[in-house]
Amino acid sequence: MPTTYAAVDVETTGLDPQKDVMIEVAAVTFRDGRVIDEWSSLIQTHRQLPPYVTRLTGITQKMVEDAPEMKAIRP
């Protein structure tokens, strides 16, 4: 039976867990070099995104304001 792999990508406002937050999470599952499933979601931050984060990621304040909170997407 072929092995199924999952790749996960997380976008954050930085690397300091005391002050930075996740703003997007995505996952792809694949087998034999073929994508089986994809999923992604922006995450509500309840704080202002720094301009450099928007420049780097393309994720705007409006996009995260309309996004679900982490507790809603966790399941």
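This is a predicted model: local features need pLDDT of at least 70, side-chain atom pairs count only at pLDDT 80 or more; totals for chains, interfaces and linings use all residues.

Reply: Residues are numbered from 1 along each chain as its sequence is written, and side-chain values use heavy atoms, with hydrogens and water left out.

Me: Is Thr13 buried or exposed?
Reply: Buried means under 20% relative accessible area, exposed means over 50%, and partly exposed is in between (1.4 Å probe, protein chains only). Thr13 has 5% relative accessibility, so Thr13 counts as buried.

Me: Which side chain makes a polar contact of 3.1 Å with the side chain of Thr13?
Reply: A polar contact is a pair of N or O atoms within 3.5 Å; within protein, one must be able to donate a hydrogen and the other to accept it, and residues adjacent in sequence count only if both atoms are side-chain atoms. For Thr13, the partner at 3.1 Å is Asp20.

Me: Is Met22 buried, partly exposed or exposed?
Reply: Met22 comes in at 33% relative accessibility. Because of that value, Met22 counts as partly exposed.

Me: Which residues does Pro2 touch, not counting those up to four places away in sequence?
Reply: Contact means heavy atoms within 4.5 Å. Pro2 itself is partly exposed, because its relative accessibility is 40%. With residues up to four places away in sequence left out, Pro2 touches Arg31 and Asp32.

Me: What separates the C-alpha atoms of Pro2 and His46?
Reply: Along the chain, Pro2 and His46 are 44 residues apart. Their C-alpha atoms are separated by 42 Å.
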